Each structure stands twice: as C-alpha cells, then as structure tokens.
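Me: I've got a structure to look at and a few quick questions. Can we go through it together?
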Amino acid sequence: MDLLLVLAVDASGSIDPDEFTLQREGLAEAVSHPAVLSAIRSRPRGAIGIAMVEWGSPGGAATVVEWQRVSDQASAESAAQAMRDAPRSRQSFNAIGDALMHAGALLQAAPWQAGERTVDVSGDGPDIRSLVPAPVARDTLVAQGVVVNGLAIEASSSWRDGRLSALYERDVIGGPGAFVVRAEDRRDFARAMRAKLIREVAGRNSGFG
C-alpha cells in the first residue's frame, strides 16, 4: 500500500443523529470522490488502506469499519457503503488521546505494509477526558513514524473563528507535514474531508505538505 489511513471520527454526545448522518455521508462522499481516486491512482502502488474509528468515551474508541483496500471506483464505493452502514458506537465526552492510541494499535495490526501511515482526527471539540492526554498520545504515534492530521468542525460558537483549529494544532496534530483543515459547520464537512483526503493521499513529497 502507498498509505494506511485511519479515519478517527467524533461520535460523542455533542453529535446529534442528523449531524452524525451528515458526517457519515460526508466521509462516504469523500472516499469515493473522483478527485480522491485520482490521487490514489497517482501513487506508485495505486492503492491505500482505510479503516474508520469512532471516538468519544474515555478508553472507549471503537473500530466501526475494519481495513478496506481502496484502489478503484468499485473498491471505493464498497468502502463508502461500509461507512454508511456501520452501526453507531456508544460514545460520550471527548477523549481524543484515547482515540489516537486506539488508531495507533489499529495501524500496527493492519494486514498490509505501507510507506506512509496517517491518522485523521475529525471532531467538534478539544480533548477533555482522555486517559492518555492527546499531546502524549500524539507524541507516541509520531515517534512510531505516524502522521496525525486534524479536521476541526467549528460548529459551536465556543470554537469558531479558528479557536478549535488552534487547539488541534497545539494538542493533536504531529509528524512531517501535519496539518489542520477547518469545517465551518456540519454541512461543510464533506468538502473539508475531501480536500483533506486528497492532500493526504497525494503523499508527503507531492508538494501538498
């Protein structure tokens, strides 16, 4: 594989059913978008592995979609459908650090090898209740060669105008070329996730970061 990518998605109590559906649909749309597939095909092996994790509860992050190989339209649509169909896990609070540790273990257990490994954290709030604080978990993954990127959903008035993005930059992201993308609200999630995936899939040496 060119890339192993864990999508770590906020499923905490702040995400109501309608917002949850918007996130799931946004993920599915992004993974199967022609521009993302083009980025995958541009890589040497033309294939990536994707898994999806939901987070929220302290120590309770859950893998809701196991590893999927994505290399063409059919495999991308299969992965997208798996994301739509996965039952919602039971989550509460905001434990990003524990989500990172879970994602790191998932990467280590992946069925494929890859030159690049990335964890993609999306959420609408900062780390609050982690058993392992987000900066500690982030540093652990970075020491293992994993890049952690963030998607800050600034849907709450408490976190607008870049405040949540700044916290993600400080506490969550790390590794070569790590970055944060902002979504202005839930409905902006699909656009932001698509842009983020293109940048991640294109590779660290592509000029995208």
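This is a predicted model: local features need pLDDT of at least 70, side-chain atom pairs count only at pLDDT 80 or more; totals for chains, interfaces and linings use all residues.
Me: Which residues does Ser75 touch, not counting residues up to four places away in sequence?
Reply: Ser75 touches Arg69 and Val70. Contact here means heavy atoms within 4.5 Å.

Me: What does the side chain of Ser75 reach?
Reply: The backbone nitrogen of Ser71, at 2.8 Å.

Me: Where does Ser75 lie?
Reply: In helix H3. Helices (H or I, at least four residues) and strands (E, at least two) are DSSP runs, numbered from the N terminus.

Me: Which other residues of H3 are buried?
Reply: Besides Ser75, they are Ala76, Ala79, Ala80 and Met83. Seen down the axis of H3, the buried residues fall within an arc of 140°, so they line one face of the helix. The arc is that of the directions from the helix axis to the C-beta atoms.

Me: Why might a pattern like that come up?
Reply: An α-helix has 3.6 residues a turn, so residues three or four places apart point the same way.

Me: What's on the face of H3 turned away from the buried side?
Reply: That face carries the exposed residues Ala74 and Asp85.

Me: And what do the buried residues of H3 pack against?
Reply: Strand S1 (3-10), helix H1 (17-31), helix H2 (34-41), strand S2 (48-55) and strand S3 (62-70).

Me: New topic. How many residues are in the largest nonpolar core?
Reply: It has 31 residues. Met52 and Met83 are among those with the most contacts inside it. Helix H7 (residues 189-202) gives the largest share, five residues. A nonpolar core is a set of buried Ala, Val, Leu, Ile, Met, Phe, Trp, Tyr and Cys residues joined through side-chain atoms within 4.5 Å.

Me: Last one. How many helices and strands does the protein chain have?
Reply: Seven helices and six strands. Of its 209 residues, 56% count as buried.

Notes:
Residues are numbered from 1 along each chain as its sequence is written. Side-chain values use heavy atoms; hydrogens and water are left out. Buried means under 20% relative accessible area, exposed over 50%, partly exposed in between (1.4 Å probe, protein chains only). A polar contact is a pair of N or O atoms within 3.5 Å; within protein, one must be able to donate a hydrogen and the other to accept it, and residues adjacent in sequence count only if both atoms are side-chain atoms.
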